[in-house]
Amino acid sequence: MSDKKWMHIFACNLLWAMETEGVSQRELASKTGISENAISNYVNENRKAEITNVIKIADALHYDIRDLIY
């Protein structure tokens with residue numbers, strides 16, 4: 001899978017999970033220790049998330065990592 005496609009899938013799933021859980025980018029940044037700027041870049045498909053950050057995000061949102069990347 002291309003990086004661009006992966007970034008799109010992750011961004012869509014991340015937005016869905018954040019909306020479902022009622023978590024803002026700022027709150028997610030605070031819960032994960034990932035900068036708010038990085039979260040914004042993931043959501044806007046401007047940056048590919050490292051797997052360690054995907055795991056932190058999944059844990060903070062109480063989601064299985066597979067829900068964010070597939």
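**Entry 1: Asn-13**

I began with Asn-13, which counts as buried because its relative accessibility is 16% (buried means under 20% relative accessible area, exposed over 50%, partly exposed in between, with a 1.4 Å probe and protein chains only). I was working on a predicted model, where local features need pLDDT of at least 70, side-chain atom pairs count only at pLDDT 80 or more, and totals for chains, interfaces and linings use all residues. Residues are numbered from 1 along each chain as its sequence is written, and side-chain values use heavy atoms, with hydrogens and water left out.

Asn-13 lies in helix H1 (helices, H or I, of at least four residues, and strands, E, of at least two, are DSSP runs numbered from the N terminus). Which backbone oxygens does the side chain of Asn-13 reach? I found the backbone oxygen of Tyr-70 at 2.9 Å and that of Asp-67 at 3.5 Å. For polar contacts I used pairs of N or O atoms within 3.5 Å; within protein, one must be able to donate a hydrogen and the other to accept it, and residues adjacent in sequence count only if both atoms are side-chain atoms. Not counting residues up to four places away in sequence, Asn-13 touches Asp-67, Leu-68, Ile-69 and Tyr-70 (contact means heavy atoms within 4.5 Å).

**Entry 2: Asn-53**

Next I looked up Asn-53, found in helix H4, residues 51-61. Is Asn-53 buried or exposed? Asn-53 counts as buried, at 13% relative accessibility. Its side chain joins that of Tyr-42 through a polar contact of 2.9 Å. Leaving aside neighbours within four places in sequence, Asn-53 is in contact with Ile-34 as well as Tyr-42.

**Entry 3: helix H3**

Tyr-42 took me to helix H3 (residues 36-43), whose buried residues are Ala-38, Ile-39, Asn-41, Tyr-42 and Val-43. I then checked their partners: the buried residues of H3 pack against helix H1 (3-21), helix H2 (25-32) and H4. Ile-39, apart from neighbours within four places in sequence, is in contact with Gln-25, Leu-28, Ala-29, Ile-34 and Ile-57. Asn-37 also has its place in H3, but counts as exposed, at 53% relative accessibility. After H3 comes Glu-45, with a positive phi near 60°.

**Entry 4: the core**

I turned to the largest nonpolar core, which has 23 residues; Phe-10, Leu-14, Leu-28, Ile-39, Tyr-42, Ile-57 and Leu-61 touch the most other members. Two or more residues each are given to this core by H1, H2, H3, H4 and helix H5 (65-69). H1 supplies the largest share, six residues. A nonpolar core here is a set of buried Ala, Val, Leu, Ile, Met, Phe, Trp, Tyr and Cys residues joined through side-chain atoms within 4.5 Å.

**Entry 5: H2 against H4**

How do H2 and H4 pack? I noted an angle of about 105°, with the axes 9 Å apart. That makes H2 roughly perpendicular to H4 (65 to 115 degrees; under 35 counts as roughly parallel, over 145 as roughly antiparallel, and the rest as oblique). Axes are lines fitted to C-alpha atoms, for helices over the stretch in contact, and angles run from 0 to 180 degrees between N-to-C directions. From H2, I listed Leu-28, Lys-31 and Thr-32, which meet Lys-56, Ile-57, Ala-60 and Leu-61 in H4.

**Entry 6: one last residue**

His-8 is partly exposed, with a relative accessible area of 40%. Its C-alpha atom is separated by 8.5 Å from that of Asn-44, 36 residues apart along the chain.
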